[in-house]
Amino acid sequence: MATDELTIRGRVAVVGVGESVYYKRAQSPEPEFKLVLRAILAACADAGIDPSRVDGFCSYSNDRNLPARIANALGSPEIRFSNMQWGSGGGGAAAAIGNASAAVAAGFAQCVVAFRGLAQGQFGRFGAGPRSNTISGQGAFTVPYGVMSPAQTYAMRTTRLMYEHGIDGSTMRAVAMAAYHHAQSNPRAVMYGRPLDEKGYDEARWIVEPFRLYDLCLENDGAAAVIVMSAEAARDLTPNPVYPLAVQQGGGHRSGASVHNQTDYVTSSFKTVVPHLYGQAKVGPEDIDVVQSYENFTGAVVMSLIEHGLCTYENANEVLTFENLISPTGKLPLNTSGGNLAECYMHGLGLQIEAIRQIRGESTSQVPNARVALANAGPMVEVASTAIYGNQEALG
Amino acid sequence: MSESKRSDAKSTQEAYLHAGLPAPTPARDGLDKPYWDGTRRHELWVQRCDDCGTHQWGPEWMCHRCRSFEVGWVQVAAEGVIYSWERPHHSVHPALAGQGPYLVVLVELPHADRLRMVGNLLGDPMQDVEIGARVQAVFEDHDDGERSFTLVQWSVPAG
Ligand SMILES: [Zn+2]
C-alpha cells in the first residue's frame with residue numbers, strides 16, 4: 001500500500017466486539033450506563049485486552065453515556081480521543097466505527113471503542129409523539145397533521161418508491177421473513193423462538209400504510225461495542241483480524257431539508273455514499289458475500305440494497321425473495337443475526353457486529369467462506385453511513 | 001396572529017383529527033411567521049428568494065440556491081398535486097387514541113418550484129389515493145382553544 005494514500009484500508013482492524021444482554025423495550029433490569037460498561041468489557045474480553053487500554057471513544061445519535069465517565073470506570077490512564085456523530089438516528093452506526101478507524105489511522109489514539117447504549121424504559125421511546133401543548137419550528141408543519149413517529153415520517157418515501165419504480169410489497173415481506181428466519185438460530189435475538197411465516201406477516205395489523213407491524217424495527221434495551229486498533233496491533237492479538245476496508249458517511253443535496261423537501265426524495269441517502277465507499281474499499285457490489293442492511297423499515301432496506309448496487313430497481317421484485325435472502329443458500333444473504341427487526345434494535349450497531357462476525361466465521365447463520373461483508377446504517381435519515389469489512393484475503 | 005380580512009379560499013371549522021395534538025405556533029425567531037399569519041387569512045404563503053426568485057420550503061434564513069439572505073415571502077395558489085401519501089392506523093399520541101385510520105398526503109406545488117407540503121387529505125380516510133391527483137387547500141380554523149391557529153388541509157375537488 002502506498003504510504004501517501006488517504007485511506008483506513010489496511011491500516012486499522014476490528015479487534016473486539018461485544019454486547020450486553022439484549023432486552024425487550026423497558027425490560028432491562030440495569031441502567032443504560034451499566035449496559036454500556038458491560039458491552040465494552042465484553043468487547044475487551046473478546047479482543048483479549050485489558051479494558052484500561054481503551055483510550056478513545058466514539059458514539060452517535062447523541063448517546064448519553066459520556067466518555068470521561070466510561071474511562072473513569074475502565075481505569076484508562078488517559079483519554080486521547082472522544083467523538084460524537086451528530087443526530088440522524090441510527091445513521092451513525094457505521095460512521096462511529098469509521099470515526100474510530102480514522103482516529104487510529106491518524107495516530108490520535110491507539111485503542112478506540114465505538115459504542116451505543118439504549119435503555120428506553122429509563123429514558124423514553126423513539127416511537128412516541130410529542131406531549132407538549134404547542135409545537136413550533138419544523139415540527140409545526142407535520143405534527144398537527146398526525147405525522148410524528150419515525151414510521152409516519154418515512155412511510156411516504158416508501159409509497160413513492162413503490163409508485164415510481166413498481167416495487168412490490170413482497171420485497172418488504174421477504175426482508176422481514178429473512179430477519180426472523182435468521183433470529184431463530186441466534187440465542188441473543190429477542191425474537192429467538194418466535195418465527196414469522198408469510199401468513200403471520202400478511203395478517204399483522206397496519207401501523208402506517210404501506211407498513212405493517214413486521215415492517216418496523218423493534219425498540220429495545222441494551223448496549224453494544226466495537227474496538228478498533230491498528231492493523232499491526234490487531235495481528236498481535238489474533239491471527240484473523242477483520243479489516244474495515246472502507247467506511248463512508250453522507251447524505252445527498254439538501255438531505256436535511258425540512259418538511260419532506262429533500263431534493264431527491266426517493267432515496268435511502270446512500271446514492272452519494274456508495275461511489276466513495278466502493279472506491280475506497282476497492283471492491284464492488286459483486287464482491288459482497290453477505291449484507292447487513294439497517295432496518296428502520298423494510299421499505300428502506302429495499303431502497304438501500306438497490307442504492308448499494310446489490311439489486312436494481314428493475315429486478316428488485318425478482319431478487320428480493322425469502323429464498324435469496326437467507327443464509328447459507330441464498331444469493332444475497334441478508335441480516336443474518338435477525339437485525340433490527342428480530343435480533344435487537346441496538347440502533348444498528350448490532351448489524352455492524354454481525355458483519356464482523358461473518359468475516360470471522362462466527363455467525364449463528366454463517367455464510368460459507370465470507371470474505372467481504374457490507375453493513376449500512378440509518379437509511380433515509382439526513383446522514384447515513386456504510387462500512388465494508390474484509391478478511392486478510394480481501395485486503396490482498 | 002393578525003386576523004385581517006379572509007380570502008374566499010375553501011375553509012372549514014370542522015377539524016379532521018381529534019383535538020389535543022400540539023398546537024402549531026410561530027417560531028420565536030420569527031422565521032415562519034408570514035406563513036402562519038397567511039393561514040389565518042386563508043392564504044398560502046411560502047418563501048421566495050428576492051434575488052434569484054426560487055421558492056423555498058420549509059422556511060430557512062438563507063436561499064439554498066444562491067445563498068442570499070434576502071429571502072422574502074409570496075402568496076401562491078392554494079392548490080397542488082399529490083406526490084405521496086400514507087395512512088396511519090396506529091396512534092402514537094393519546095389525542096388520537098380513538099381516531100382510527102387517517103390520511104396524510106405530501107402535496108407538490110408545481111407552480112412554486114415543486115416545493116412540498118404535508119397535510120391531511122379530507123374525506124373518507126379509507127378512500128383510494130391517487131398520486132398525481134390535483135388537490136385544493138382547505139383552511140381548517142381552530143378557534144376554540146387557548147391559541148387560535150389554522151391548518152392547511154387538502155381535498156380532491158368534486159367532479
Ligand atoms: Zn436565491
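**Exercise 1. Characterise the interface of chain A and chain B: state the area buried between the two chains and the share that carbon and sulfur atoms give.**

Solution. In this predicted model, about 3,600 Å² is buried between chain A and chain B, and carbon and sulfur atoms account for 56% of that area. The next step is the residue count: chain A brings 42 residues to the contact and chain B brings 43. Polar contacts follow, and between chain A and chain B these amount to 23 residue pairs, both residues of a pair being at pLDDT 80 or more. On the side of chain A that touches chain B, the elements giving two or more residues are β6 (134-135), α5 (150-165) and β7 (206-209) of chain A. Of the elements on that side, α5(A) gives the most, with 8 residues. By class, the side of chain A that touches chain B holds 20 nonpolar, 16 polar and 6 charged residues.

**Exercise 2. Determine how many salt bridges the rule finds across the interface of chain A and chain B, and examine the backbone at Glu209(A).**

Solution. The rule finds 1 salt bridge across the interface of chain A and chain B. Its partners are Glu209(A) and Arg87(B), whose closest N and O atoms lie 2.7 Å apart. The criterion is a nitrogen-to-oxygen distance within 4 Å, so the 2.7 Å pair qualifies. Turning to the backbone, Glu209(A) is joined to Pro210(A) by a cis peptide bond with omega of about 15°. Pro210(A) lies in the loop between β7 and β8 (211-212) of chain A.

**Exercise 3. Identify the residues that line the largest cavity and classify them.**

Solution. A search of the whole structure gives 1 cavity of 30 Å³ or more. The largest cavity has a volume of about 60 Å³. From chain A, the lining includes Phe141(A), Tyr145(A) and Val259(A); from chain B, it includes Tyr35(B), Trp57(B), Met117(B), Val118(B), Val152(B) and Trp154(B). Within chain B, β8 (115-120) and β10 (149-155) are the elements that give two or more residues to this lining. Gly58(B) is placed in the loop between β4 (55-56) and β5 (71-76) of chain B.

**Exercise 4. Describe the second largest pocket by volume, by the residues closest to its centre and by the classes in its lining.**

Solution. The volume of the second largest pocket is about 490 Å³. Its lining has 25 residues, and those closest to the centre are Ala19(B), Gly20(B), Leu21(B), His142(B) and Phe149(B). The elements contributing two or more residues are β2 (23-24), β9 (134-142) and β10 of chain B. The lining divides into 10 nonpolar, 9 polar and 6 charged residues.

**Exercise 5. Locate the elements of chain A that the pair Arg360(A) and Asp46(A) links, and report the phi of Asn62(A).**

Solution. Over all chains, the search of the whole structure finds 25 salt bridges. One joins the side chains of Arg360(A) and Asp46(A), at 2.6 Å from N to O. Arg360(A) belongs to helix α14 (residues 349-360) and Asp46(A) to helix α1 (residues 32-47), so that this pair, 314 residues apart, links distant parts of the chain. As for Asn62(A), its phi is positive, about 55°, although the residue is not a glycine. Asn62(A) sits in the loop between β3 (56-60) and α2 (67-74) of chain A.

Notes
Residues are numbered from 1 along each chain as its sequence is written. Chains are lettered from A and ligands numbered from 1 in the order in which they are written. This is a predicted model: local features need pLDDT of at least 70, side-chain atom pairs count only at pLDDT 80 or more; totals for chains, interfaces and linings use all residues. Side-chain values use heavy atoms; hydrogens and water are left out. On a 1 Å grid over the protein atoms alone, a cavity is a set of points where a 1.4 Å probe fits but cannot get out, and a pocket is an open set with protein on both sides within 12 Å along at least five of seven lines; lining residues have an atom within 4 Å of a point. Grid points are joined across faces, edges and corners, and a volume is the space filled by probe spheres set on the points. Helices (H or I, at least four residues) and strands (E, at least two) are DSSP runs, numbered from the N terminus. Ala, Val, Leu, Ile, Met, Phe, Trp, Tyr, Cys and Pro count as nonpolar, Asp, Glu, Lys and Arg as charged, and the others, Gly among them, as polar. Contact means heavy atoms within 4.5 Å. Buried area is the accessible area (1.4 Å probe) that two parts lose on being put together, summed over both. A polar contact is a pair of N or O atoms within 3.5 Å; within protein, one must be able to donate a hydrogen and the other to accept it, and residues adjacent in sequence count only if both atoms are side-chain atoms.
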